[in-house]
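Dear colleague,

I am passing on the model that follows, together with notes on what turned up when I went through it. Please read the notes with the coordinates open beside them.

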Amino acid sequence: MTVQSLTSAPRFRCWIPPGVYRPQTDTRLLGRAMRRERITSRTEVLDLGTGSGVLAVEAARMGARVTAVDISWQALAAAWCNALVNGQTVRVRHGDLTSAVQGRRFDLVVTNPPYVPAPGDIPPRGRARAWDAGTDGRLLIDRICSAAPAVLRPTTGILLMVHSQVSGVGETLARLRAAGLRAQVVDRARLPFGRVLRSRLAWLRERGLVADRTTEELVVIRAVQP
């Protein structure tokens, strides 16, 4: 299939196999934020939880040297293939978040982690791993907040993370600041609940996560290594 480029560059081919997250509004929002950063041929970019690799390919198109990490072998295969068919070079690494790049630091880290609250204590399987993130939606967000300083280049490293207000934007800002980063919201978008949130609406309201809303706000948080 082809998808619209996140930049002004021509459309590119994108293969998304079953079980791999399909680019959506959160992907486009994060891509827009990434486009505002100063990316050159010297910029080292880490796409953490790359999924189909759309953001990794975009960063490579902008001239960056890109490493894409995912715990899913299917996702890494998709990212590698999507870079190849679009004439880009992306290093793919298998691993659990930053464990795949221990000892390395990057100028820019972009991440679209799972952030949808999910009932029950059973870890997600299959496609649900791309969105289910524990009962508060913060299963991976909190880990990324803690791990980010170690993979950002001192004084200049930047983290861009997108997630829903349902998962606690204030909590994310507080955790990043507690980890020593300067963090703020730099972009927002409001949209109707998708299929997964609609299917859990009663449970989400019971937990007080959505009140009477039927829309969610997505935000991009930018955190800078001081």
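Met34 touches Ile39, Leu55, Glu58, Ala59, Met62, Leu108, Val110 and Leu160, leaving aside residues up to four places away in sequence, where contact stands for heavy atoms within 4.5 Å. This is a predicted model, in which local features need pLDDT of at least 70 and side-chain atom pairs count only at pLDDT 80 or more, while totals for chains, interfaces and linings use all residues. Residues are numbered from 1 along each chain as its sequence is written, and side-chain values use heavy atoms, with hydrogens and water left out.

Met34 also belongs to the largest nonpolar core, which has 63 residues and in which Met34, Val66, Leu108, Val109, Leu159, Leu160 and Leu176 touch the most other members. A nonpolar core here is a set of buried Ala, Val, Leu, Ile, Met, Phe, Trp, Tyr and Cys residues joined through side-chain atoms within 4.5 Å; buried means under 20% relative accessible area, exposed over 50%, and partly exposed in between, with a 1.4 Å probe and protein chains only. Strand 9 gives the most to this core, with six residues; helices (H or I, at least four residues) and strands (E, at least two) are DSSP runs numbered from the N terminus. In soluble globular proteins, nonpolar side chains tend to be buried together.

Within helix 3, Ala75, Leu76, Ala78, Ala79, Asn82 and Ala83 are buried. These residues lie on the same side of helix 3, because they cover an arc of only 160° around the axis, the arc being that of the directions from the helix axis to the C-beta atoms. They pack against strand 2 (12-13), helix 2 (54-61), strand 4 (65-70) and strand 5 (90-94), whereas the face of helix 3 turned away from the buried side carries the exposed residues Trp73 and Leu84. Just after helix 3, Gly87 takes a positive phi of about 70°.

As for charged pairs, a search of the whole structure finds 12 salt bridges, each a side-chain nitrogen of Lys or Arg within 4 Å of a carboxyl oxygen of Asp or Glu. In one of them, Glu37 pairs with Arg222, the closest N and O atoms being 2.8 Å apart. Glu37 lies in the loop between helix 1 (25-35) and strand 3 (44-48) and Arg222 in strand 9 (residues 215-224), so the pair ties together parts that are 185 residues apart in sequence. Glu37 counts as buried at 15% relative accessibility, while Arg222, at 23%, counts as partly exposed.

Arg138 forms a salt bridge with Asp142, with the closest N and O atoms 2.8 Å apart; Arg138 is buried at 6% relative accessibility, and Asp142 is buried at 17%. Arg175 forms a salt bridge with Glu171 at 2.7 Å between the closest N and O atoms, and these two residues, four apart in helix 5 (residues 169-178), are separated by about one helical turn. Salt bridges that share partners join Arg138, Asp142, Glu171 and Arg175 into one network.

With best wishes
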